[in-house]
Amino acid sequence: MSASLFWVSTGLILYVWAGYPLLVALLARLRAPATPPEAIDVPAVTLIVSAYEEEAAIESKLANCLDLDYPADRLQILVATEPSGDRTVDIVLSWAAHGIEANVGKERRGKAVALNSAIEQARGEVVAFTDANNLWEKEALKRLVAPLHDRAVGGVVGSKRILAEDGQIANGSDLYWRYESFIRRHESRLSSCIGAVGEIFALRRELYQQIPAGTVSDDLFLALGLLSGGYRVAYVEEARSWESASRSAADEAERRSRIVAGRLQQLGALGALLREGRVVEAWQLLSHKILRLFVPIAMATALVSNVAAVLGPPTTAAEPSLLALSPPYGAVLLGLQALFYAGALIGLRLPTLSGPGRILGLATFLLAANLATAKGLALGLRGKQAPRWKKAQR
């Protein structure tokens, strides 16, 4: 029984983190070669900057928006914000002379409400979303909106990149987002990118759906809404947004737990896609987003069942069996698990590593991410995850 639990749990972990990415890449490569977006006239764009308690970053962000290589007469820059305990609102209003517009809520009600309010002020045929704590490359907006010449494309996701910084959280975050980029690139080529990142995401304004109050992951809600409406979500790796990693493992855990709680709110989208016959997209959603929720449970089960197999009654089999976790296989696999957890804890204590040593940073990040997933799963199931903005320190 212990061996069966171990292999089922291990199989889930391997499928989610390795099997699915390799399978979606293989299927994408079997399709016709990808063609770059056609050159088109630049559409009128409203760039909505979400900002809450961002007085340290907001001026750099607004300057970055004004510096984008996009015709000024085709670009509306609009900041969606709420009253806070710092000077964010005052700073934004002081940039009015530079053409920056503001949509300021009367009270703190959360990002979803702020975006719904801001969309009423948007004039562009395309709405692009970004956060205050990241900076776009100069050509990012042009590259982001280019795929929208195809009427089958309802939204476009750009690439999230992590600035080179010291610390294992930064190292692990960088490797993780490169891995995510690999998956999104092939998902987009196969059928559609699943989900979005609020840092760099665009859609046709006519396809915007009002985000229900209490929604935690507004970007996932909007992306799944496009899929349910029969549209594709494209991924453009060359449209890059750069940001710092979370300042600490605790901040990263808080951020990721919100992401997980947000995924739980959107589980109904899986059934909607299946009812509409979008089987490939439903498989992608299940493999990329939903099954990841259960990886922490699988990790705990794999560890406990492995220990039980090693400490349990000796096997009577004539030959050692890997499937039965009989000696020496059970001990070897338990040792490998111990090395992973030890490496993650060591990486947490070290300021930075380079070269092959960065694998410790990845182990630290994965352990922290899965602990955060477990927390988010618990909060989401209990309905305890607050939808209001809570700024992660970076």
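**Helix α11.** I looked up which residues of α11 are buried, and I found Val295, Pro296, Ala298, Met299, Ala302, Ser305, Asn306 and Ala309. Buried means under 20% relative accessible area, exposed means over 50%, and partly exposed lies in between (1.4 Å probe, protein chains only). Helices (H or I, at least four residues) and strands (E, at least two) are DSSP runs, numbered from the N terminus.

**Basis of the entries.** The model is predicted, and local features need pLDDT of at least 70, side-chain atom pairs count only at pLDDT 80 or more, and totals for chains, interfaces and linings use all residues. Residues are numbered from 1 along each chain as its sequence is written, and side-chain values use heavy atoms, with hydrogens and water left out.

**Span of α11.** I then checked the length of α11, which has 17 residues (295–311). The expected span is 1.5 Å times one less than the number of residues. For α11 this gives 24 Å, and the end C-alpha atoms are 24 Å apart, so the two agree.

**Loop between α11 and α12.** I looked up Leu325, which lies in this loop. Leu325 has a phi near 60°, a positive value in a residue other than glycine. Leu325 counts as buried because its relative accessible area is 3%. In this loop I also noted Pro328, with α12 covering 329–349. The peptide bond from Pro327 to Pro328 is cis, with omega near 5°.

**Loop between β1 and α2.** I placed Glu53 between β1 (45–51) and α2 (58–66). The phi of Glu53 is near 50°, also positive in a residue other than glycine. Glu53 counts as partly exposed because its relative accessibility is 31%.

**Remark.** Most residues other than glycine have a negative phi, and most peptide bonds are trans.
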